[in-house]
Structures are given as C-alpha cells and as structure tokens.
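I opened my notebook to record what I looked up in this structure. I took one part at a time.

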Amino acid sequence: MRNSLHGRISVAIAIIIIGMAAAMSYTVQKEVGSSLNSQLKYSSQNILDAICAEVENEFQSIIFSREELYSRRKIELQNLMTLAISIINSKYHLAQQNLITTQQAQQQSIAMLRNLRFDRKTGYFWIYEGDDQATMLMHGAMPELENKPVPAFGIDPATGMYIADSFTRICRTHGEGFLEYRWPKPNSDRKAKFAPKLTFVKIFAPWNWIIGTGMYIDDIEAVIEERRKAVISELQQTISSLKIGDNGYAFIFSEDGQIFVHPIHDTVTPGSDGKLTLEEKNFIRQIIQRRHEGFNWMDYQWIKPGTAPDKRFVKRVYFRYFAPLDFYICLSSYNDELNTPIKHLIQNLSWLLLLILPIAAGGTFWLARTLSAPLRKLAVAAEDIARNGMDNAVIPVSGSIETRELGEVLSQVIDTIRQKETSLRTSEENSRIILSSIGDAVIATDINGKIIRMNPTAEKITDWTFQEACGHELLDGIQLSDSVSGNSVPCPINTVLASGKPYNLPPRTVLISRAGVRKLIDDSCAPIFNLKNELIGCVIAFRDVSAQSEMELQLLNSQKMDSLGLLAGGVAHDFNNMLAGMMSSAEMLKHKISTQQSKIHEYADMIISTCQRAASLTNKLLAFSRKGKIVSSPIDVHSTVADAIVILSRSVDKRVSITFDPIAECPIIMGDPSLLQNIIINLCINAAHAMPNGGKLQITTGNISLDQHDCLKYREFGLTPGKYLELAVRDEGSGISPELLPHIFEPFFTTRQESSNRGLGLAAIYGSVKEHHGAIRVWSRIGQGSIFTIILPICTEIVIDTPVALTVPPAHLHGTVLLVDDESIIRAAAGAMLEDAGIKTVQASGGREALCIFRKNPQMFDAVVLDMVMPEINGEECFYAMKNVDPEARIVLMSGFANDEKFSRMKADGLVAMLKKPFRQQDLLEAITLCLKEEKFKEPE
C-alpha cells in the first residue's frame, strides 16, 4: 500500500509541476503586470486620500480655533460686564445706605466705567437710559455722543435700522444678550472705519440703565487668518518631501489659479502671471475641467527633469477637490518610472520558473515519501484511541500541510470533547456563583416541590442553610401569613406546579423564618420547563421589603406633618383676622367710654391684652408652619427658645417639666428664625417621647471657644476656630443603645415602634444644623437619658435692636384713606379708628373693587390701607396695579406675617409701612401719618 501511494503521489506531483510551469510562463507577464499596476494606482490614491485627510484635519482645526476663540471672547465680554455691574452695584448700595446721593453714585459709576478700556483701547463701555426718551449718558470712545437722544445716532449701514432699538428690546425681553452689527472702529491714524462688532448689553434695573460693551469681529478673523497661513506652511513642508517614483510629487492650487503648495514653484497668487507659463496655466484649467466632468485623474505629457526639453513623457495626475478651502489636491507621477519595477519583477519571475523545474523534478520522489509517512502515524494513533480511549491520546502532527491539518483537526476534535466536559462543570459553577450574587432570595424546586437550589440571600431570610433545606419543601420550618389578618398563606410553589403558570403571593405577605423573625416579603413564582416544554420544577424569587415599607410609612408621616403645618398656618391666619377685629373694637370701645367708668376700662384693657397674647400664639404657629427659602438674619437664641417653650407647653405631656437655663452671655447667631425654632421644638418633642411617664426636660445655653484641635472633633461639619453658642437639650428618658447611636441621623431611621408618634426626624435636624454652619452631637446611656448638643457660630458684631414704641400721632388728622379688606369686621374696626382721628375712609371688600375705585380718581386718596391675603386679587397684585396707575401712591399693607421676602420686594418698590395683624389704633395712625408726611418705610413691630 505504501508503494502504491508513493507512486501515485510522485506522478501526480510531476504532472502538476509541469502544468504549472507552462501556465505561469504564459500568464505571469499579463497577470503580474496588471496586478502591480492596480497596486500602484491604489497606492497613489491612498497617498492622495491621506493628504486630503490631513487637509481636512487642518481645516477642522481652523474651524475649531474660530469657534473656540469666538466663545472665549463672548465669555470675556460677560466677565467684563459682571465687573461693570459690580462697580455700579457698589455705588448703588452706598446710595441706598444714604452715604452718598443717587446722583453722586451715578456720576461715580460713569467716571469709573469711562476709564475702563481693553483690547488695545478699542474696547470700551457705554451707558444710556432705557426709557422712551433714551439719552446717551456715557460713551467710552465717542464722548461727542453723550447727552444726545439715542435714536439720533447709531444707524447700522448694513440694515439702515437703529442699533439702540435692538439693544432695548433684548434688555426688556431677556435682561441681557448679544448683538452683531457694524460700528466705527478706531485705527492708528485715528480715523474710524465701519467694521463688524459683537456687543453684550445688560440692563441695570434700579436706575433703568442699559450698559453695553463689545469687541470687533475682524480681530478674531485676523487671528484665524494667521492660523490659516500656518496650516498652509505646514502642508508645504509635509508635501514638498513627498516623492512618487523618482520625479513624482504632490501640489495644491485653487480654482482661480492660486498655487498654495508646490515643491518647485513658490506660492503663486492671482495677478502674478509672470510665475506661471502658458502651458502651466492650461494644465490647471484642464484639471479643473476634468473635475467638473466627474473624473478624478488625468493623463498628460510633460518634460521630465534631466531629459531633453523637446522630449516629453506620459504622466498621470490624481486629484481631489476640497470645497471648504477651494483646494485642488493633486498627486502626479511619470508612468515609465512606475512601470520599471514591473518589468524587473516579470524578468525575475521568469528566471525563477526556470530554476523551479529541475528542483521540482528532483524533489518529487522525496515529497511523495514524506507525504505517506505521516498518514501511517495517524493510522497508528487512531488504533490506540480505539483501544485505550481519548483521555491520554496524542495525535501526531507532522508531514505536509494536509497531513498536519488532518492531525490538527483530529486533535481539535478530541480537545473539543474534553472542553465540553470542562464547560459543563464550569457552567454548573457559574450558575452557582450567579445565583449567589443575586440580591433577591432565589429557591428552585423539582417537579415534586423539593428544594434543589438555594442562594445565600434565601438562606439569610429563611434562616435555613442549603444543606439543611435540600430535599425539603419550602414550608418545612418557615411560615407564610397575611400581615393584616394573620391567616396562613398557601405555598405558591404548589400553586405553580399545579397550574403550570406564574403566581405571586398576596401583597404584604409576612414570612416567619426558622428563627421566628417576621419579614415582609414581595415575591414572584414561575414554572421551569425543559427544551421539550415539559414542566420540571419551579423557581421562587422574593425579597425582604420591611425596610421599604418602613420608608413608605416615614414618608406618609412626613406628609401628615406637612399637612398639619399648612392647617396650622391657615387657622392662625383666619384667627389673626378675628383677633384684629376684636382688639380694634375693644380699643374703640375703651375710647368711647368715659374715663370715670374705670371698671369698664379695665375690662377693655383685659380684652386687648388677651388679644395680644393670642396674636403672639398665632405668630408662633405661623412661624412653625412657614415653608420656603431659608432666610438669614440675626437671631436671639434665648428669645427663640422661650417662644418654642410656649408652643411645647401646649403640645407635650403635662408630666414633662421643661426648664430653661440661659447661661450664654452672647446668644446672637445668624440664621433662619423659623428653622431654628423647628430644630428646638423637634428635639424637645423627641425628648418628651423618650419619657412616656414624665420627667425633667432641661434646655441650657453657653458660650465656648474652639481652636484648631477642637475643630478636628467636628471634621464632618467643617467647623473653623472661633466662638460658638452651645445649646443642649437633656432628658431623663430610656436612652439609646450603643449599636443604634451611629444610625440615628440617617434618613427614615427611628428607634420607636410603628404605633408611636413621629417627629420631623433627626436627619432633618442634622441637615438644618449643617445649613447654619454648626454641628450636632449626642450622648446617651440606657436608663440614664440622652443629651443632644448643638454648636452654632455666634455673631459678636450684630446687636438685635429692641423695638421702640411708636410716637403718639396727632389727635386729629385730615385726609382720605382707601381701606381694603375682605373681612367686614376688619374694615369696620379700622374705619372706626381712622374716622375717630378725623380721617375720612372709603372702604372696599376686595382687590377688584378697590382697583375700580382707585382708577376713577387716584388723587382723591392720601393713603391706601391694603390687606395682603384676599380672594381673586391679593394684596401684592393690587399694590403693583395701583402703582402702575399712580407711581406716587402711598400704600400701607396689613398682614399676619411679619417678615416675608415679598414685603422686602414691595418695600423697594415704594411700600410706606407694614401693619402686623392684630394692630392697635396707635399703630394704624402712625402708619397713616407716615403717608401724609411722605416719610420712609416703617417696619412692623
């Protein structure tokens, strides 16, 4: 068999070699030449594509540079405007503090901005008034425009429209913005020429000033042009070193005949005809024409360097057109230089074929013998596998490519079988790892409901290990029950195995683990089918949702507290209106009774005093219910604690004794009074809940100093060395266990049972203390109570003024007042107070009626007394509507809220006084007197 195979292989190889030699001698020149030509063509095009890509990258860098520079300059304009506004604001605030007059503040602002120049003194600021009769107040470059009407100058030659109209529209609509237009640009010869300009304008509303500054866009384009020249220079250096063959090269020109990059010519621009010959110009026109005809190459004849001038050679040029830069990117080479390597290659291949024939004849015998030997080795290996199996089998890989491939294939088959076995074991291990990594509990059963898989989460929830649970049913050792009724819940696995469909437990199902721990779970149970769609088991996945349920309950309680705050605010506001009527009526009753009836006077004083105490209580409820933005003002902590104790005395268990020791010599801090009061109230409520049978609740204050070492103890709060106020709340309650102390400031954490009342949460107190730049610490022992200590930075330079009693107004005043309130009792009482002092009143039951009366004759009223909270049109809306009718209207506002940011805004817009309900006749007449004297705003006491 070996001889037969050997002979057949020898004959076959000899025939193949001779046939190949004959075929190659015929086709090599044609095929190899064609292949090399194609390769050279592709290589040229690839080189050209690379050059085009480089041009594209450089172009994108120019575009990016322009956009980046443009954006940076816009930011610079905004920063310059911020500087200008800050200068004006500083002068404005000096005028507001009456340190200088408004006129002086404006003049100083103009003087500072006039000298503020930039961009080599081509950049400047200008200001004009933004009303219908706008006048140029200051122009940094053209002083001759100042004190002239804005529409009289500033016409854009490109559009023929007034530039100022666009500026005013931008400021009125958006407050600030950018605009491009043409404006004279100062030159070195002091002659201004119109140039494109980008301007940023912004309105300064308090003075109705429109302020602007800008830059000339051609400055940006000059920088970009320098970048473009640098790009062309880089391309010229790169392309000039590129050679195709001995004399081929790349070059770039534009459609108007300008040469940008050429290894021989210098840069040629239109008009320099002396640098291009007529033949060169015709050559450029031919390339442009070919491009318009849809071609990207062209053959032509050209003189080769180093040859006779009258002898021309065929060249081929490949070109691409890059439209964004108007670039024709070309790559040219001489065809004969490219064909020379092809001729040499064909000659070498012919000589190689002649050498192959004798070598092949001598090697035929050796090759046939070499091919047959490896096949025998493979046959021996196959016999060994048949006898001993594949575990230790080794397949020989030797001989020719075919026999080696055959050996490798057999080896791969055996390796594949071995890998399949390993893969099965690995897959099993991966399934176990994935199951262990799942956060939910997962339990799988067989068709009989016996547990066959269980992950660690399931072990933790059920208190069963997999080794203990394997082979048991799910309910062996654990129970499922309804969280509301307590009734047992059937096993979901039995339901799924019986129906073959997914099934979920009822909501709020409780799982009682092997150790007796109750856990609220949420589950899903589904059948398991094999590839034949046969039911083979069931899988149940569930998770412990006890913490989630607790969080939902916390959220519900928080929403209840919010509703309580809203209810308290609403009740307090309505109660304030009733108190205002009662107190005003009692005061008028006291005035109408003769002084001899001292007992009745005493009763009237008692009514007034009681109303004042009730008003104080409603103010505390309003402060407790207030929401919104945190305000920062000086706070007397001692006063705030005293107010909080008043509220607590009516809300906590009477068996809880509250004491207050105000030891701190400096109790003044900066913060939000309402927020600080809520902190104190909630700490005290928590302390009271910790003493269900009563006890002593002690509040103390003191002053401490912290150095750098002390601040390290409060690293998480970021305290700095200085003087602080220390506020401590101590109770005699049950205390907090050491393992719970690190978690008490976490959101939704509580140490109370579900049925206990809830405060607003220590997490909210923790956040509020940090917002006041303070720190909070807690000490607690089981059975000894707890101490919550708050540290807040004090303000040593701020003193809270004590309210000064209002001066007694004249006994008889003259004038007419428009009195507006939706409560008839307020209108009646306040009207009686005013009429008793000689003031005539016109009353309106709401904002809409008041506006109708006021618009008919605004000059009729010397003052307007306006309620803040009314239906349809509230006090704020009515105030601004009246100010639009008569900007000089003198308006007094009535409200149950003392300090609201709305009042601050209305004060700045001309509010004369603010009366806090309920008020006395003396307060009302004092406010009317301010209106009649046209004095400044009066804060409520």
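This is a predicted model: local features need pLDDT of at least 70, side-chain atom pairs count only at pLDDT 80 or more; totals for chains, interfaces and linings use all residues.

**Entry 1**

I found an open sheet of 6 strands, in the order 12-11-16-15-14-13, with antiparallel pairing. Which strands are the edge strands? They are strand 12 (451-454) and strand 13 (479-482), and each pairs on one side only. I also looked up the twist, which averages 35° from one strand to the next.

Next I checked what packs on the sheet. Helix 10 (residues 492-499) does, and it touches strand 11 (441-446), strand 13, strand 15 and strand 16 (535-544). The direction of helix 10 makes about 145° with that of strand 16.

I noted one general point here. Strands of a sheet pair through backbone hydrogen bonds, either parallel or antiparallel.

**Entry 2: strand 14 and its partners**

I then followed strand 14 (residues 509-512). Strand 14 is joined to strand 15 (residues 518-529) by 4 bridges, and the two run antiparallel. Within this pair, I saw Thr509 opposite Ile521. I turned to strand 13, which pairs with strand 14 in the antiparallel sense over 4 bridges. There, Gln479 has Ile512 of strand 14 as its bridge partner.

How many residues lie between strand 14 and strand 15 in their hairpin? I found 5 residues between them. Gly516 sits in the turn and has a positive phi of about 85°.

I asked which residues cover the faces of strand 14. Thr509 and Leu511 are on one side, Val510 and Ile512 are on the other, and all are buried. In a regular strand the side chains alternate between the two faces of the sheet.

**Entry 3: Thr462**

I moved to helix 8 (residues 456-462), where Thr462 is found. Is Thr462 buried or exposed? Thr462 counts as buried because its relative accessibility is 2%, and buried means under 20%. A polar atom of the Thr462 side chain lies 2.7 Å from the backbone oxygen of Ala458. Leaving aside neighbours within four places in sequence, I listed the contacts of Thr462 as Met454, Ile478, Ser513, Arg514 and Phe542.

**Entry 4: two helices**

Last, I looked at helix 14 (residues 673-689) and helix 16 (residues 762-771). They pack at an angle of about 145°, with axes 10 Å apart. Their crossing is left-handed. Helix 14 makes the contact with Leu675, Ile679, Asn682, Leu683 and Asn686. Helix 16 brings Leu762, Ile765, Ser768, Val769 and Glu771. By class, I noted 6 nonpolar, 3 polar and 1 charged residues in this contact.

Technical notes
Residues are numbered from 1 along each chain as its sequence is written. Side-chain values use heavy atoms; hydrogens and water are left out. Axes are lines fitted to C-alpha atoms, for helices over the stretch in contact, and angles run from 0 to 180 degrees between N-to-C directions. A crossing is left-handed if the near helix is turned anticlockwise from the far one by less than a right angle, and right-handed if clockwise. Contact means heavy atoms within 4.5 Å. Ala, Val, Leu, Ile, Met, Phe, Trp, Tyr, Cys and Pro count as nonpolar, Asp, Glu, Lys and Arg as charged, and the others, Gly among them, as polar. Two strands pair if DSSP finds at least two bridges between them. Buried means under 20% relative accessible area, exposed over 50%, partly exposed in between (1.4 Å probe, protein chains only). A polar contact is a pair of N or O atoms within 3.5 Å; within protein, one must be able to donate a hydrogen and the other to accept it, and residues adjacent in sequence count only if both atoms are side-chain atoms.
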